[in-house]
Amino acid sequence: MAVEEGRSLAETPTWSVATVTTFMVAVCFVVERSIHRFGKWLQRTKKKALFASLEKIREGVWLEEMGEPDSPTAQWGLAS
């Protein structure tokens, strides 16, 4: 049984890389907008505790993206 090796990034067609990148960016935008709308709904229905939790998670994810090791999400293993 031979193990097949995948292509390197240099050998991958540009359109393929562009398609995957576009899909990933689109998914990120959809997730971000969903979280934003969920936050607005929480405010409108006066669910203060849940909104505060959402804000902490949002802040923690943002800090994690910036490379902050002491962010709240680091304890949950969401760090990459």
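Me: How many salt bridges does a search of the whole structure find?
Reply: Quick background: this is a predicted model, where local features need pLDDT of at least 70, side-chain atom pairs count only at pLDDT 80 or more, and totals for chains, interfaces and linings use all residues. Residues are numbered from 1 along each chain as its sequence is written, and side-chain values use heavy atoms, with hydrogens and water left out. A salt bridge here means a side-chain nitrogen of Lys or Arg within 4 Å of a carboxyl oxygen of Asp or Glu. Going through the whole structure that way, the search turns up one.

Me: Which residue forms a salt bridge with Arg58?
Reply: Look in helix 2 (residues 48-65), where the two partners sit three residues apart, so about one helical turn separates Arg58 from Glu55. Helices (H or I, at least four residues) and strands (E, at least two) are DSSP runs, numbered from the N terminus. The closest N and O atoms are 3.0 Å apart, and the partner of Arg58 is Glu55.

Me: Is Arg58 buried, partly exposed or exposed?
Reply: Buried means under 20% relative accessible area, exposed over 50%, and partly exposed in between (1.4 Å probe, protein chains only). Glu55 comes out at 29%, which makes it partly exposed. Arg58 has 32%, so it also counts as partly exposed.

Me: What is the phi of Lys46?
Reply: Most residues other than glycine have a negative phi. Lys46 sits in the loop between helix 1 (14-44) and helix 2, and it's exposed, at 67% relative accessible area. Though not a glycine, Lys46 has a positive phi, of about 60°.

Me: How are the rings of Phe38 and Trp41 arranged?
Reply: Rings of Phe, Tyr and Trp (its six-membered ring) pair if their centres lie within 6.5 Å; planes under 30 degrees apart count as stacked, over 60 as edge-to-face and the rest as tilted. By that rule there is one aromatic pair. With centres 6.0 Å apart and planes at 20°, the rings of Phe38 and Trp41 are stacked.

Me: Where do Phe38 and Trp41 lie?
Reply: Phe38 is partly exposed at 41%, and Trp41 is partly exposed at 37%. They're three residues apart, about one turn, and both lie in helix 1.

Me: How much accessible area does the nonpolar patch with Val31 have?
Reply: Patches use residues with over 30% relative accessible area and no salt bridge: like charges are joined within 9 Å, nonpolar side chains (Val, Leu, Ile, Met, Phe, Trp, Tyr) within 5 Å. Accessible areas come from the Shrake-Rupley method with a 1.4 Å probe; for residues, only the protein chains shown count as cover. Val31 is in helix 1 and partly exposed at 43%. Along with Val20, Phe23, Met24, Val27 and Ile35, it forms a surface patch whose accessible area together is about 540 Å².

Me: How far apart are the end C-alpha atoms of helix 1?
Reply: The expected span of a helix is 1.5 Å times one less than its number of residues. Helix 1 has 31 residues, so it should span 45 Å; its end C-alpha atoms agree, being 45 Å apart.
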